[in-house]
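Hi,

Here is the structure I promised to pass on.

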Amino acid sequence: MTQKFPRLFYLLLAALFVLNLIQASFTELIFDEAYYWYYAQNLDWGYFDHPPMVAFLIEISSWFFDGELGVRFMSCLLSVGTYVVLWSAIDHPKKKEYVWHFFLLLFSMTLMNAYGFFTLPDTPLLFFTALFLLLYKKFLENPTYWTTIALGLVMAALMYSKYHAVLVILFVFLSNIKLVFNGKAWLAVVVALLCYVPHFMWLFENDFVSIKYHLFERPNQAYSFEKFTLGYILNLVAIFGLLFYWVYFALIKDKESDKFSKALRFLTYGVILFFFVSSFNRRVQTQWVIIISIPLAMIAFKHLIENAQSRKWMFRMGIASAILMFYARAWLIHQPLLPLVYEAHGNKAWVNNLDSKLGEATVVFENSYRRAPMYEFYAGKPSFSLNNAFYRKNQYSIDGSEERMRGKNIAMISMYRKSGDISYTNAKGTQFFGVFMDDFYSLRKLACISEKNTDNGEWNLKVYNPYPFDVALDSLKYAVAYTDAYKKVRGSLPLKVEPVNPQQTILKSKDTAYYKFQFPKSEKLENAGYFRIGLGYGSLIPGLNGTPIKIEDGTH
C-alpha cells in the first residue's frame with residue numbers, strides 16, 4: 001500500500017479532505033442540495049427526479065453532523081475516494097514522480113472540484129464511475145467471481161446515483177462487444193439487476209413517474225444554436241477550465257490499443273457524441289457530461305507523464321486554476337469577494353427574515369420546490385410547495401407533504417404577487433410577497449384522465465380520488481391549461497364539464513367520477529401544442545391533475 005500511494009499522496013489527500021470539510025461547513029446550501037435534503041427526510045427507493053443514492057448519502061451524513069456538514073460529509077469522503085480510485089486505476093511506472101501534477105489536474109476540473117463538497121446526484125456518480133472503471137480493469141486482467149460480483153454491485157450503485165449512469169455501462173460494453181459471450185459479464189449484469197429490483201418496484205408503484213417526466217413531460221424550447229449546440233460546446237470547455245486544451249489534446253493523441261484504454265476512449269467519445277446529438281433537441285446541462293471527467297483524468301494524466309511540453313504547461317495552468325478555485329471557494333463563503341450573488345448566498349438571512357413575520361402560520365410556497373426545502377432546512381419548520389398548472393410536478397406532487405398543511409393557517413408565498421400581507425427579499429434583491437390563509441385545503445392528488453370519444457368528438461373525463469376522505473364534487477373548479485409545442489405553459493381557460501351521473505355529489509375515497517366536456521372556444525387553443533386538465537379548490541389556481549395530451553387537428 002505504501003508503495004502504491006506515496007507519502008506525498010497521503011498528505012495532499014488529507015489536505016484536500018480538510019479543505020472540503022471546511023468548505024462544506026461554512027458554505028450555505030444551494031437549492032438543489034436543500035431539495036435532496038428534503039428527499040432524505042423520508043428515505044425511499046426512489047424520488048420524482050432521481051434515484052435514491054443522493055438521499056441515502058445525506059442520511060448517512062446526518063448521523064455524524066448537523067447543519068450543512070450533515071448534508072455534505074459523505075460527499076467529502078467520496079471526493080477523496082475518487083482521487084484514490086483514479087490513482088489506483090492508472091498503471092504507469094513513473095506516476096509516483098508526478099503526484100503534484102495529479103492533484104492539480106483533478107483540482108482544476110471545475111465541477112469535480114465543486115462536487116468535492118456539494119451533495120448532488122453527480123457526486124456519487126463520479127465516484128462510482130471511477131470505481132466501475134477500476135473494477136472493469138481488474139475484470140479484464142483476472143475475472144474472478146469476487147471481482148464479477150463487485151462489478152455488478154457497483155453497476156447498481158451507478159444506476160442508483162443517476163439515470164445517466166446507463167451511458168457509462170453502455171459505452172464500456174460497446175468498447176468490448178465480445179463481453180456478450182462472457183458468462184461472468186452476464187453474472188455481473190444479473191447481480192446489478194437484482195440489486196436494482198427495489199427501484200424498479202418503486203417506479204412501478206409510482207406509475208413510472210420519473211421516466212414519464214424526463215422523457216415525455218419535461219418542458220423544452222425551440223432550437224437555438226447559441227443556447228443548445230454552442231452552449232453545449234462551451235460546457236465541454238468549462239468543465240476542464242484552463243486545462244481544457246491539454247485534456248482534449250491528450251484524448252486525441254491517445255492511441256493505446258489495450259481494452260481498458262479503448263473503454264476510456266469509447267466512454268468519452270460516446271458521451272460527447274450522445275449529448276452533441278441531444279443538443280439539437282434540447283439544452284444540455286453542464287453536469288450531464290460530467291462523467292467524461294473520470295476517463296479523461298486518466299488519459300490526461302498518462303499524457304502529461306509522457307510528454308514534457310504538455311506536462312510543463314499543464315502544471316502552470318494547474319497552478320493558475322488552483323488559485324482561481326481557492327478564490328471561488330472563498331467567495332462561496334464570503335460573497336463580497338466578487339460582485340456576484342450565487343444561490344448559496346443569503347439563504348439563512350431570507351429564511352430568518354420570513355420566519356420572523358409568520359407568527360403561528362405555516363409557510364406554503366407557490367410553485368417553488370427550491371425555496372420550500374431551503375426554508376424548512378434553515379427554519380427547522382415544515383413547509384410545502386403547492387404546484388399549479390403553470391409549473392411542473394416534483395417530489396412534493398407525489399409524497400405526503402400536502403397532508404402536513406391540511407387544515408392549518410398558512411402564509412402563501414408567491415413569485416407572482418406584487419403585494420401581500422408580508423414580504424421578504426432574497427440576496428439578489430428580488431422581493432416576494434405572501435398572504436395569510438385560514439384552514440388550508442388542497443386536492444393536488446386528484447387524478448384526471450382524459451380520453452377522446454371518437455363517436456361524437458366529445459371528451460370523456462375520469463376524476464379519481466386517491467385520498468382517504470370523500471370530496472364534494474361541487475367544490476371543484478375545472479380548467480384546461482395549454483402549452484406550446486415544447487410543453488411550456490402559455491395559459492389556462494375555465495372548463496365546463498358535464499357529469500355522466502348528475503346525482504353523484506360526493507366523490508368517495510378510492511372512487512371515480514365520470515364527466516364529458518368540450519374544449520372552450522378560443523383562438524389560444526388553436527395554436528397550442530398540448531393540454532392538460534387541472535382541478536382547483538376555493539381561491540387556489542388549478543393544479544397539475546392531468547397528464548399532457550397532444551392537441552391534434554380536430555382535437556377541439
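To start with the sheet: in what order do the four strands of the open sheet come, and is the pairing parallel or antiparallel? The order is β10-β9-β14-β15, and the pairing is antiparallel. Strands here are DSSP E runs of at least two residues, helices are H or I runs of at least four, and both are numbered from the N terminus; two strands pair if DSSP finds at least two bridges between them. At the edges sit β10 (489-494) and β15 (549-550), each pairing on one side only. Strand β9 (residues 476-483) is joined to β10 by five bridges, and A479 stands opposite P494 in β10.

Before you go further, some housekeeping. This is a predicted model, so local features need pLDDT of at least 70 and side-chain atom pairs count only at pLDDT 80 or more, while totals for chains, interfaces and linings use all residues. Residues are numbered from 1 along each chain as its sequence is written, and side-chain values use heavy atoms, with hydrogens and water left out.

Now the helices. Helix α16 (residues 308-333) has 26 residues and reaches 37 Å from its first C-alpha to its last, close to the 38 Å expected at 1.5 Å a residue (the expected span is 1.5 Å times one less than the number of residues). Its buried residues include R311, M314, W331 and L332; buried means under 20% relative accessible area, exposed over 50%, and partly exposed in between, with a 1.4 Å probe and protein chains only. The buried residues of α16 pack against α1 (7-26), α5 (99-107), α6 (110-114), α13 (244-253) and α15 (293-306).

Helix α3 (residues 53-64) agrees with expectation too: its 12 residues should span 16 Å, and the end C-alpha atoms are 18 Å apart. M53, V54, A55, L57, I58, I60 and S61 are the buried residues of α3, and they pack against α2 (31-40), α4 (69-89), α7 (122-141) and α8 (145-161).

On to the cores (sets of buried Ala, Val, Leu, Ile, Met, Phe, Trp, Tyr and Cys residues joined through side-chain atoms within 4.5 Å). The largest nonpolar core has 155 residues, and F102, L105 and L354 have the most contacts inside it. Beyond its neighbours within four places in sequence, F102 is in contact (heavy atoms within 4.5 Å) with F9, Y83, L86, W87, I90 and F301. Another core lies apart from it, with 28 residues, among them L495, F517, F531 and I549.

Last, the rings. There are 55 aromatic pairs in the structure; Phe, Tyr and Trp rings (the six-membered one for Trp) pair if their centres lie within 6.5 Å, and planes under 30 degrees apart are stacked, over 60 edge-to-face and the rest tilted. Y424 and F432 count as stacked because their ring centres are 5.2 Å apart and their planes are at 20°. Y424 is buried at 1% relative accessibility, and F432 is buried at 6%. Y441 and F469 form a tilted pair, 6.3 Å centre to centre with 45° between the planes. That pair links distant parts of the chain, 28 residues apart. Y441 is partly exposed at 23%, as is F469 at 22%.

The charged end of R406 sits over the ring of Y441, 5.1 Å from its centre, and R406 also lies over the face of Y467, at 5.3 Å from the ring centre. The cut-offs there are CZ of Arg or NZ of Lys within 6 Å of the ring centre and within 35 degrees of the ring normal.

Cheers
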